[in-house]
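Please read it alongside the sequence and the coordinates.

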Amino acid sequence: MKASPTYTTLLDIEGMTCASCVMRIERALGKVPGVSHVAVNLATERASVTAWPDVAVPTLVAAVKKAGYDAHPTPETPASASQGNATQPLTAVIVSALLTLPLLVPMIDMLAGSAPSLPPGEPIADRQAVSNHGTSSVPILLQAVLATVIQFVLGARFYVSGYKAVRAWSGNMDLLVALGTSAAYGLSLYQWATHPHGGAPLYFEASAVVITLVLFGKWLEARAKRQTTAAIRALNALRPDTARVRIDGAERELPLSDVRVGMQVIVRPGERFPVDGRIIGGHTHANEAMLSGESLPVAKDEGDTVHAGSLNGEGAVVIEATEIGAQTMLAQIIQLVQTAQAAKAPIQRLVDRVSAVFVPAIIAIALVTLCGWLLAGAPVQHAILNAVAVLVIACPCSLGLATPTAILAGTGVAARHGMLIKDAEALELAHRVNVIALDKTGTLTDGKPVVVAFDALEGTDENALSIAAGVQQHSEHPLARAIVALARQRQVAAAEARDTRAIAGRGIQATIGAGLFGIGSTRWLRELRIAPDAALQARSDALQRAGNTVSWLVRVAPSPAPLALIAFGDTVRPSARAALALLTAAGMRTLLMTGDNAGSAAAVASAVGIAEVHAAMSPQDKAAMIARLREQGNVVAMVGDGVNDAPALAAADLGIAIGSGTDVAMHAAGITLMRDDPALVADALDLSRRTYRKIWQNLFWAFVYNVVGVPLAALGWLNPMIAGAAMALSSVSVVGNALLLRRWRGSAARAHRPM
């Protein structure tokens, strides 16, 4: 039996023009045996195909080509690779505009008063017709030649795309443009043929201007869409092409593809780290702004991890490569953002249903317009021009771009500010969240225990800390590191210890001098039958009620006795209280869920301003509570960082993982925060709300252009040139509105402004 289909392929699609193209490609790919899910994004011109692993990429490409489009697998750095042909559409626009200008001379003559005028009540189409009587200073033959070049050379793309659509029993925007401009061009040829010496109205300039405006709109649209993918291109630009490695004691510069795990890589000041690695020589600061949004350089010493794409500061360092190529954090971030941008938001399904019938409906309306005007007794050319205006103003492009451009802009801005959104559904869903459950350790707190109290028996203060540091100096336990750090801070040397061994479930002990000393729990203290005095016991109880973990330093032999009380606490993140205030102000219900004891949970909840606390919870308890909250009709977001949070992250409507947490947590979450900053939770939800608002604004404008424009064109109040300009403007305005998201600044974003 086959496993679940988890193999996802990204394909770059060429030739798409509107939402109808998206529907046709999705249908074609969906018919391939073994394909379980297809999402085609018009803005990125990319298809995301989920299928069985044995579905070959050439099979998918062949299905797309059969539908009338070109496809190829998305390269590793598609965003940067796609910049090469950016000037070609602009060249076509300029050439088309230059060839169109002479065709506008008759209209200019009319506006200057050199052509006959009509009474004010005459239809727009008849007013335009006067402009092209044979009185023009531009010979009709020259007009025909210029219009032919524009129609069939510069406008060839519309015929090719329209033909492919018809062959597939479908329709698209290019088909509408081809039909409309061909009608105007063909009517002009007919008028010229029947009146070779002039005197009949011609419409060469109408078809030429429409093609020029559509080409110009496409160029503006492509230019704006490129801006929505700026975040991906910026991330791709961070990857160096080569790395300087040390092989057999000599330095060599290798292509990045030749670097292997375990190699020693030398990074000089001011260079970017080419791979993920661990510093094995030197120290420096690293600017990780494009990875985490944190603009302040981070100190890096031997043993610390550095990431590909981050900028080395003032020191030359040697790192041991631990992750290369697609396994680096930068590559995974790029892949995550690309996947999110290729995905389709649930709201897009509404647009898809409309787009499926849009082009056939517009053609039908154009035919009704033609017949209606003819039945009303209008001249043939007037009826045709009104039908042409209907075909031209209809704009499924703006409908198809409304949602994906907003998603592109939203995910791109999020990536720049340290928020990685796994898919479009997560971004769209976040705006509906009304309950936020937060883990404590590593989410609201630093997750790194510190010694908050070291109370030694009188006369043993410095000696006790030296013994404690000696017992723990070789341990990797977080509590051990906290004790050693305290000794360093107080400049107390750790005592020489030997025969160190852990006592399972109790603590650790070591021989120092002639005595055996240990650090452990209150339970171990009781088992050793060591009783602290009343004052020390009262102090222990008070510290535990405040949410701290208490351990004891004891002499185990020769004469058992307590030497010191050690209390460990977890520091609340500096931005946690402000973050919770933002969430509360936004109307969110917040609650704390933790596996820690009630005292510790209550202390943190009080510090950050959470009233609802659930302590001593297992991972299953957390997931069950999330399920209960959802059953009550809430839309729940879970914020966590550990393996124990993964079930709850998966059970929630929206999982938000802290980036310093485990891979399991991040894989289970829909949004990953690359900085350990709870304020990013509020920022992610705020950005989601703004993105969703942009989606609806775009859909509103896209529908308004068609709902208002098509009837106006059918009634004869818009000529084809104005309709063409409106059609181009609709797509550009939709994309431009989405780009306004790039100006977004959240609370955390203002505090950590990226470079």
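A residue is called buried when its relative accessible area is under 20%. In this predicted model, glutamine 509 has a relative accessible area of 9%, and because that value falls under 20% the residue is classed as buried. Glutamine 509 belongs to strand 18, which covers residues 507–512. Among contacts between residues at least 6 apart in sequence, 71% join residues at least 24 apart. The chain exposes about 32,100 Å², of which carbon and sulfur atoms supply 59%.

Which strand order does the open sheet of 7 strands have? The order is 14-26-25-24-15-22-23, and the pairing is mixed. Strand 14 (419–421) and strand 23 (612–614) are the edge strands, each pairing on one side only, and the twist from one strand to the next averages 20°. Strand 14 pairs with strand 26 (residues 671–673) in the antiparallel sense over 3 bridges, and leucine 420 has threonine 672 in strand 26 as its bridge partner.

Two helices that pack on this sheet are set out below.

| Helix | Strands touched | Angle between directions |
|---|---|---|
| Helix 24 (residues 619–631) | strand 15, strand 22, strand 23 and strand 24 | about 160° with strand 22 |
| Helix 27 | strand 14, strand 15, strand 24, strand 25 and strand 26 | about 45° with strand 14 |

Helix 27, which spans residues 679–714, also holds both tyrosine 692 and tryptophan 696, 4 residues apart, or about one turn of the helix. The count of aromatic pairs comes to 5. In the pair formed by tyrosine 692 and tryptophan 696, the ring centres are 6.3 Å apart and the planes stand at 75°, so the arrangement is edge-to-face. Tryptophan 696 is partly exposed, its relative accessible area being 41%. Elsewhere, ring pairs link Phe152, Tyr159, Tyr185 and Phe204 into a cluster.

Methods
Residues are numbered from 1 along each chain as its sequence is written. This is a predicted model: local features need pLDDT of at least 70, side-chain atom pairs count only at pLDDT 80 or more; totals for chains, interfaces and linings use all residues. Side-chain values use heavy atoms; hydrogens and water are left out. Buried means under 20% relative accessible area, exposed over 50%, partly exposed in between (1.4 Å probe, protein chains only). Rings of Phe, Tyr and Trp (its six-membered ring) pair if their centres lie within 6.5 Å; planes under 30 degrees apart count as stacked, over 60 as edge-to-face and the rest as tilted. Contact means heavy atoms within 4.5 Å. Accessible areas come from the Shrake-Rupley method with a 1.4 Å probe; for residues, only the protein chains shown count as cover. Two strands pair if DSSP finds at least two bridges between them. Axes are lines fitted to C-alpha atoms, for helices over the stretch in contact, and angles run from 0 to 180 degrees between N-to-C directions.
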